[in-house]
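Subject: Structure handover, with notes on the ligand and the spaces around it

Dear colleague,

I am passing the structure below on to you, together with some notes on what was found in it. Please look it over first, and then read on with the structure open beside the text.

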Amino acid sequence: MTRKLIAANWKMNLNTHEASLLVKRLDQHIQIHRDVEIVLAPSLLTLQPISLQIDRRKFRLAAQNAYSKDEGAYTGEVSFTMLRDLAHYCIIGHSERRIYFHESLEDVRDKVQAAVRNGIVPILCVGETKQERAGGETNRVIHDQVVTALANLTAEEVAELVIAYEPVWAISTFGGEVAKPDDIAVVLRQIRHQIKELYGESAAESVRILYGGSVKPDTANAYLTLADCDGALVGGASLNYQQFTAIVEGAYRLTQQERSDGRA
Ligand code: PGA
């Protein structure tokens with residue numbers, strides 16, 4: 001059984017004070033769970049103070065974005081090199097970045113490579129739009145996003161990676177339709193299969209695949225129980241400590257159940 005990974009994507013929300021308050025609440029309510037890894041992705045501005053505040057036995061940190069060059073004259077950017085000691089993970093290729101900030105497949109590939117070069121684990125986001133799904137293009141879109149993003153990595157590097165399947169139409173920002181777990185299962189399986197074809201069995205078994213898109217306490221476990229689902233990337237619900245705690249506790253109960261069912 002893989003440890004479940006539950007990641008909180010706070011997006012461009014919470015100033016330093018608010019973020020610190022949320023961490024305090026989460027710390028009060030969330031236990032240390034051996035089978036659940038909890039990752040918080042605050043804004044770049046609050047990453048540093050939060051890194052000093054968190055109990056590292058309980059939480060790991062992720063950046064939400066960084067630039068693919070390590071240093072130089074790139075006004076306004078922050079590099080993965082600068083994040084090395086602060087963040088364990090970085091969300092890369094989120095649909096809000098692909099759509100609002102026009103990040104291309106190649107931009108995402110370069111960021112994935114830069115993250116790995118700097119010892120930061122990418123949480124690579126992939127997902128199709130509503131139109132692409134309606135046009136029967138889901139497989140092709142996901143395939144292209146995965147192939148390009150991982151193009152410069154070795155099988156060993158891919159094995160360490162996290163991939164988050166986030167259908168654009170299911171993300172609260174873009175409509176927030178609640179996705180049917182059966183539909184999600186098909187794509188998660190396809191992603192793992194694709195990793196197997198490209199990088200071999202061992203990488204495919206090790207790579208962690210998350211689901212993201214309007215994950216809430218009452219819907220989370222239907223996704224987390226899917227065979228290929230290793231966790232969730234949570235947006236809106238992660239800003240509310242009660243909801244996020246409930247998702248983490250739900251994941252914990254699930255892993256306990258799996259253990260006692262002998263599936264561990
Ligand atoms: P949501 O966001 O849970 O608010 O839909 C998920 C995400 O964008 O990562």
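What volume does the largest cavity have? Before the answer, please keep in mind that this is a predicted model. The largest cavity has a volume of about 100 Å³, and the count of cavities of 30 Å³ or more comes to 1. Its lining is made up of 16 residues, and those closest to the centre of the cavity are Lys11, Ile171, Ser214, Val234 and Gly235. Sorted by class, the residues lining the largest cavity are 5 nonpolar, 8 polar and 3 charged.

The ligand is found in this largest cavity, where 13 residues surround the ligand, the closest being Lys11, His94, Glu166, Ser172 and Ser214. Within that shell, 4 residues are nonpolar, 7 are polar and 2 are charged.

A polar side-chain atom of His94 lies 2.6 Å from a ligand oxygen atom, while for Ser172 a polar side-chain atom lies 2.4 Å from an oxygen atom of the ligand. On its own the ligand has 280 Å² of accessible area, and the protein covers 100% of that.

There is also the largest pocket to consider, which holds about 470 Å³ of space. It is lined by 16 residues, of which Lys11, Met12, Gln64, Arg97 and Phe101 are the closest to its centre. Helix H4, which spans residues 95–100, gives the most to this lining, with 3 residues, and by class the lining of the largest pocket has 6 nonpolar, 7 polar and 3 charged residues.

With best wishes

Methods:
Residues are numbered from 1 along each chain as its sequence is written. This is a predicted model: local features need pLDDT of at least 70, side-chain atom pairs count only at pLDDT 80 or more; totals for chains, interfaces and linings use all residues. Side-chain values use heavy atoms; hydrogens and water are left out. On a 1 Å grid over the protein atoms alone, a cavity is a set of points where a 1.4 Å probe fits but cannot get out, and a pocket is an open set with protein on both sides within 12 Å along at least five of seven lines; lining residues have an atom within 4 Å of a point. Grid points are joined across faces, edges and corners, and a volume is the space filled by probe spheres set on the points. Helices (H or I, at least four residues) and strands (E, at least two) are DSSP runs, numbered from the N terminus. Ala, Val, Leu, Ile, Met, Phe, Trp, Tyr, Cys and Pro count as nonpolar, Asp, Glu, Lys and Arg as charged, and the others, Gly among them, as polar. A residue is near a molecule or strand if one of its heavy atoms lies within 4 Å of it. A polar contact is a pair of N or O atoms within 3.5 Å; within protein, one must be able to donate a hydrogen and the other to accept it, and residues adjacent in sequence count only if both atoms are side-chain atoms. Accessible areas come from the Shrake-Rupley method with a 1.4 Å probe; for residues, only the protein chains shown count as cover. A molecule sits in a cavity or pocket if more than half of its atoms lie within 2 Å of its grid points.
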